[in-house]
Amino acid sequence: MWLQSKSMGGHQVILTVTVNPAVDKVYQVNSFAVGGVFRPNKMWVTAGGKGINVSRVASILGEEVTATGFLGGNNGQFIREQLGKQGIKDAFIKIAEETRTCIAINDPTSDTSTEVLELGPTIASQEQTDFLEHFRSAAGNTDIITMSGSLPNGIPMDFYGKLIKISKEYGKRVLLDTSGKALVEGIKYSPFMIKPNKSELEAIIGRTLTEEDVLKAACDIHQKGIELVCVTLGAAGCIAATAQGAFRLRAPAVKTVNTVGSGDAFVAGCAVALSQNRSMEDVLKIGMACGMANTQFAETGKVSCELVDRFFRMVSIEKISI
């Protein structure tokens, strides 16, 4: 069981990287449609960005978390205050431009979620140089490093690659969760783990994939030097290629409140389990359980230990072959 055995492995510091954070606003609107005027039933404002969601979930699970990246303006200050309240160490560097705002409109009537994501600030060349120096010192004081989300304007597509290279110099394991060209470039530097969803994998392969295709693609990427390749399939579960073989994970359907941030919760669960030296099967099951737990809250990137424990016991895992 997850909660009962959780303390067995001890824990180390998890460092999360969010280069394009955001203030997330979630509106709950019944029967939302384009072109109308609506008054939300509820509204939540949180510190967001994929890596911050990872930070929040890992912290809830009892790990010591340091968060870094770029923050600027009033939105940046709001995020810093939220991190402090949640017990997450703030290691962000200050930038000149304003951190972005992202909006999600959840419609309980149609069970849909509509997102509007700002591009975010342009990161100046000197700010990038400052961050690389800052990251080098932060990486030495951690165990697991997660890198999540899109790259902001001004940053080259191999930026995650530079961070992975620095991390490897310190012998640190990197969990990379991004998409598109940033993922393609990042894979070249062989992070420990990547976590594309099916559509993100299809985008880099260049075609629609069957489940058998997903397994083959995951194994091919693993053979290139990435130890853990997880392809999340939403409600259909997950396919993973690892040094211990390939696995198929499934879980019974649950009624969801909000699915935004579930991939980030998955990464957080994997990071926590890896920091505790859990078995690869447990790493995957805990990731799945965290992703499921996140769907039970309106807020983005939130779980409870009780739900993670319950869902951990519901997840099935089997070894598969091509």
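Here is a walk through a few parts of this structure, from a sheet to a pair of helices and then some single residues.

A couple of ground rules to start with. The model is predicted, so local features need pLDDT of at least 70 and side-chain atom pairs count only at pLDDT 80 or more, while totals for chains, interfaces and linings use all residues. Residues are numbered from 1 along each chain as its sequence is written, and side-chain values use heavy atoms, with hydrogens and water left out.

Let's begin with the sheet. Its 4 strands make an open sheet in the order β3-β2-β7-β8, with mixed pairing. A strand here is a DSSP run of E with at least two residues, a helix is a run of H or I with at least four residues, and both are numbered from the N terminus. Two strands pair if DSSP finds at least two bridges between them. In general, strands of a sheet pair through backbone hydrogen bonds, either parallel or antiparallel. At the edges sit β3 (42-48) and β8 (112-117), each of which pairs on one side only. On average, neighbouring strands of this sheet are turned by 20° against each other, direction ignored.

Zoom in on β2 (residues 22-28): this strand and β3 pair in the antiparallel sense over 7 bridges. For instance, Asp-24 has Thr-46 in β3 as its bridge partner. Helix α3 (residues 73-85) lies across β2, β3 and β7 (100-107), and runs at about 85° to β3. Such angles go from 0 to 180 degrees between N-to-C directions, and the axes are lines fitted to C-alpha atoms, for helices over the stretch in contact.

Now hop over to two helices, α7 (residues 198-205) and α8 (residues 211-223). Their axes come within 11 Å and cross at roughly 70°. That makes α7 and α8 roughly perpendicular to each other (under 35 degrees would be roughly parallel, over 145 roughly antiparallel, 65 to 115 is roughly perpendicular and the rest is oblique). Which residues of α7 and α8 meet? Lys-198, Leu-201 and Ile-205 in α7 meet Val-214, Ala-217 and Ile-221 in α8, where contact means heavy atoms within 4.5 Å. By class, this contact has 5 nonpolar, no polar and 1 charged residues (Ala, Val, Leu, Ile, Met, Phe, Trp, Tyr, Cys and Pro count as nonpolar, Asp, Glu, Lys and Arg as charged, and the others, Gly among them, as polar).

Next, two serines. Ser-31, in the loop between β2 and β3, has a phi near 55°, a positive value in a residue other than glycine. Ser-190, in the loop between α6 (180-187) and β11 (193-194), also has a positive phi, of about 50°. Are they buried or exposed? Ser-31 is partly exposed, with a relative accessible area of 47%, whereas Ser-190 is buried at 16%. Buried means under 20% relative accessible area, exposed over 50%, and partly exposed in between, using a 1.4 Å probe and protein chains only.

Finally, look at Asn-53 in helix α2 (residues 50-60). Asn-53 counts as buried, at 3% relative accessibility. Leaving aside neighbours within four places in sequence, Asn-53 is in contact with Ala-47, Gly-48, Gly-261, Asp-264, Thr-300 and Gly-301. Lys-302 is found in the loop between α10 (280-294) and α11 (305-314) and is partly exposed, at 29%.
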